[in-house]
Amino acid sequence: MTVISAGQSQIPSEGNPQVLAFYLPQFHQVAENDAWHGTGFTEWTVVARSKPLYPGHRQPELPGELGFYDLRVPEVRFRQAQLAREHGVTGFLYYHYWFGGRRMLGRPFDEVLRSGQPDFPFALCWANESWYRRWQGSVDEMLMEQVFSDDDDVAHIRWLIECFEDPRYIRVEGRPLLAVYRAQHLPDPRRTVELWRSECERAGVAPPWLVMFETEEDDRFADPALRGFDASAEFVPHQLASLIRSKPRIFGPDRSNRLFEYDEVAAAYMNRPGVGWPRYPCVATGWDNAPRRQEGEALILHGSTPEGYGRWLAEAARRQKESSGGHGIVFVNAWNEWAEGAHLEPDDLWGRAYLETTREVLGEVFGTRGGDQAEVPAPVEHPVASPTDELYHDLYEQFVVLQNSASGFLAYTDRRIAELKKHYDAKVAWAKHKGELVAELNEWLYEQLRVRDERMRKLGLTDSSLSEWLQDPELRPGRLDEFRDDADDGAPTSSQMDPDGGRITSRPEAQPLRSTGEGQEDDAPPPAFEVESDPRRPQAEELRRDDGYDDLPTTQTPQWILEMERDTAE
């Protein structure tokens with residue numbers, strides 16, 4: 001494809017466009033997910049525990065013939081590539097996670113790269129977002145932050161160049177295809193692109209063919225050239241607000257779930273006007289991210305069928321063939337996004353229907369029959385033994401990976417320990433303060449009992465057990481001062497938050513008894529402990545305030561600690 005100035009048509013090349021399916025590498029256990037979400041967590045965890053949100057809602061969506069697979073198994077990756085090739089998919093677009101030199105969920109792709117199997121074309125999409133716990137529909141806590149810098153851009157492209165050199169890597173106009181999920185998150189995209197191209201030139205390889213996905217609503221930067229990119233691509237279901245005229249159906253307890261009709265969404269994407277730059281279409285098999293959004297904010301494209309998907313795919317493929325020929329691309333969302341209801345892989349309801357529709361549609365549009373491509377060679381079950389020096393090198397690389405993981409876990413652990421220490425320090429301080437209040441009340445009770453004992457002795461009524469008890473040196477007056485000395489290191493002051501739902505407004509002092517001079521004493525009132533309730537927090541919330549801190553499900557600082565710090569600062 002020869003790209004010319006904006007507003008002019010593209011000159012198509014001979015051949016058929018490539019059909020690339022997004023590929024999620026989440027389906028295997030990693031140490032980070034064990035720490036964040038529980039031991040053994042994978043994408044299957046949220047898929048299997050999903051519940052329907054309304055009558056007739058098909059959840060959970062469960063896998064078909066491939067089952068709940070593990071992507072660390074080479075036979076699984078072989079079978080996926082075989083199914084894709086047999087049904088007209090020409091390559092996988094692997095999601096690639098890079099955080100300042102630290103790669104996440106990279107083992108399946110690493111093994112594909114290292115082993116050379118399966119012999120199936122691929123490219124990478126950098127999912128350049130920070131990771132939040134909210135991704136799994138829970139507390140919005142940052143887990144991995146995406147930080148950008150010139151040095152990191154250089155280190156990143158040097159790693160990517162190793163991937164570009166693989167003969168299976170997909171190329172557009174002789175350049176390796178590299179997609180970026182959110183180009184708008186790059187602080188200076190043109191600077192990043194300049195560094196990448198300079199490093200490629202230094203390494204003697206072609207610079208990447210850069211594709212930015214249309215994942216923002218602002219149209220001011222719709223033209224990829226403004227950011228130094230070569231092309232843009234649709235990403236279903238982004239930009240629905242500007243594409244769909246009718247409003248979605250809103251439902252759920254907090255009315256945050258949205259539902260669109262699948263056919264209406266497909267028609268909106270198919271009817272988009274053309275643009276003056278290369279734009280690749282994206283076709284979705286469906287969309288339902290309820291497994292990740294069980295508590296709200298789910299987005300559902302209702303009514304997806306193989307027939308509806310086939311009409312959408314046929315139109316996208318036909319337009320790309322006419323405009324771009326062999327340099328065109330049709331993206332399919334997705335091969336295996338099970339937690340978002342977008343998958344070509346067989347499921348327990350439709351079986352292979354979406355795959356078979358893909359083969360039939362592409363065969364009609366491209367004039368080919370699906371499955372004509374050569375068979376993917378089976379994976380080697382027993383790899384050839386490596387030389388000793390290569391083995392040591394491999395062990396060293398694994399050691400480096402473990403070191404990086406360990407440093408990340410130490411930072412994560414330090415943060416959790418600091419937050420828990422803060423929480424329990426506050427609880428200990430409050431316990432000491434309550435102990436002081438109890439000591440004051442005990443001293444007052446001691447004085448009252450002593451007066452009553454003296455009165456009874458003057459009346460000739462003695463209680464030897466009470467008199468002996470009052471003589472106990474452990475109960476003598478003045479013990480309160482000793483308690484205060486011991487508690488000075490952490491006892492809260494008079495304007496401190498009460499974790500039972502209020503704030504102490506004053507610190508009561510022990511009130512002295514007044515003598516009449518004849519052995520009679522006025523009854524002194526007990527110390528008054530005033531607690532001002534906080535109307536901002538319902539009682540039910542107060543009862544749940546500390547829930548989970550012993551089990552460590554989250555690192556969120558309790559609200560009462562935040563308010564205590566604020567009051568102390570004031």
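Predicted model: local features only at pLDDT ≥ 70, side-chain atom pairs only at ≥ 80, totals over all residues.

Reader: Which element gives the most to the lining of the largest pocket?

Author: Among the residues nearest the centre of this pocket are Arg103, Glu397 and Val401. With nine residues, the element that gives the most to the lining is α11.

Reader: How do the residues of that lining divide by class, and what is the volume of the largest pocket?

Author: The lining of the largest pocket holds 11 nonpolar residues, seven polar ones and 11 charged ones.

Reader: How many cavities of 30 Å³ or more are found, and what is the volume of the largest cavity?

Author: Searching the whole structure gives four cavities of 30 Å³ or more. For the largest cavity, the volume is about 80 Å³.

Reader: Which strand gives the most to the lining of the largest cavity?

Author: The residues that line the largest cavity include Tyr94, Tyr95, His96, Tyr97, Arg103 and Met104. Two strands, β2 (91-99) and β3, each supply at least two residues of this lining. By class, the lining has nine nonpolar, two polar and one charged residue. With four residues, the strand that gives the most is β2.

Reader: At what angle do the axes of α9 and α10 cross, and is the crossing left-handed or right-handed?

Author: The axes of helix α9 (residues 306-324) and helix α10 (residues 353-366) come within 9 Å, and they cross at roughly 35°. The handedness of this crossing of α9 and α10 is right-handed.

Reader: Which residues make the contact between α9 and α10, and how do they divide by class?

Author: On the α9 side, the contact is made by Pro306, Tyr309, Gly310, Leu313, Ala314, Ala317, Arg318 and Lys321. On the α10 side, Ala353, Tyr354, Thr357, Thr358, Val361, Leu362, Val365 and Phe366 take part. The division by class is 11 nonpolar, three polar and two charged residues.

Reader: Is glutamine 320 buried or exposed, and what is its relative accessible area?

Author: Glutamine 320 is found in helix α9. Leaving out residues up to four places away in sequence, glutamine 320 touches Pro17, Arg279, Tyr280, Pro281, Gly325, Gly328, Ile329 and Val330. Since buried means under 20% relative accessible area, glutamine 320 counts as buried, at 5%.

Reader: How far apart in space are glutamine 320 and tyrosine 280?

Author: Tyrosine 280 is among the residues that glutamine 320 touches. The two are 40 residues apart in sequence, and their C-alpha to C-alpha distance is 7.6 Å.

Reader: Why does arginine 182 count as buried?

Author: Arginine 182 lies in the loop between β8 (175-180) and α6 (189-203). Apart from neighbours within four places in sequence, arginine 182 is in contact with Asn128, Glu129, Thr215 and His238. The cut-off for buried is under 20% relative accessible area, and arginine 182 counts as buried because its relative accessibility is 16%.

Reader: What share of the residues in the protein is buried?

Author: The secondary structure of the protein comprises 15 helices and 22 strands. The protein has 570 residues, and the buried share of them is 46%.

Terms used. Residues numbered from 1 in each chain as written. Heavy atoms only, no water. 1 Å grid on protein atoms, 1.4 Å probe; cavity = no way out; pocket = protein on both sides within 12 Å on 5 of 7 lines; lining within 4 Å. Nonpolar A, V, L, I, M, F, W, Y, C, P; charged D, E, K, R; others polar. Axes fitted to C-alpha atoms, helices over the stretch in contact; angles between N-to-C directions. Left-handed = near helix turned anticlockwise from the far one by under 90°. Contact = heavy atoms within 4.5 Å. Points joined across faces, edges and corners; volume = space filled by probe spheres on them. Buried < 20%, exposed > 50% of the residue type's maximum accessible area, 1.4 Å probe, protein only.
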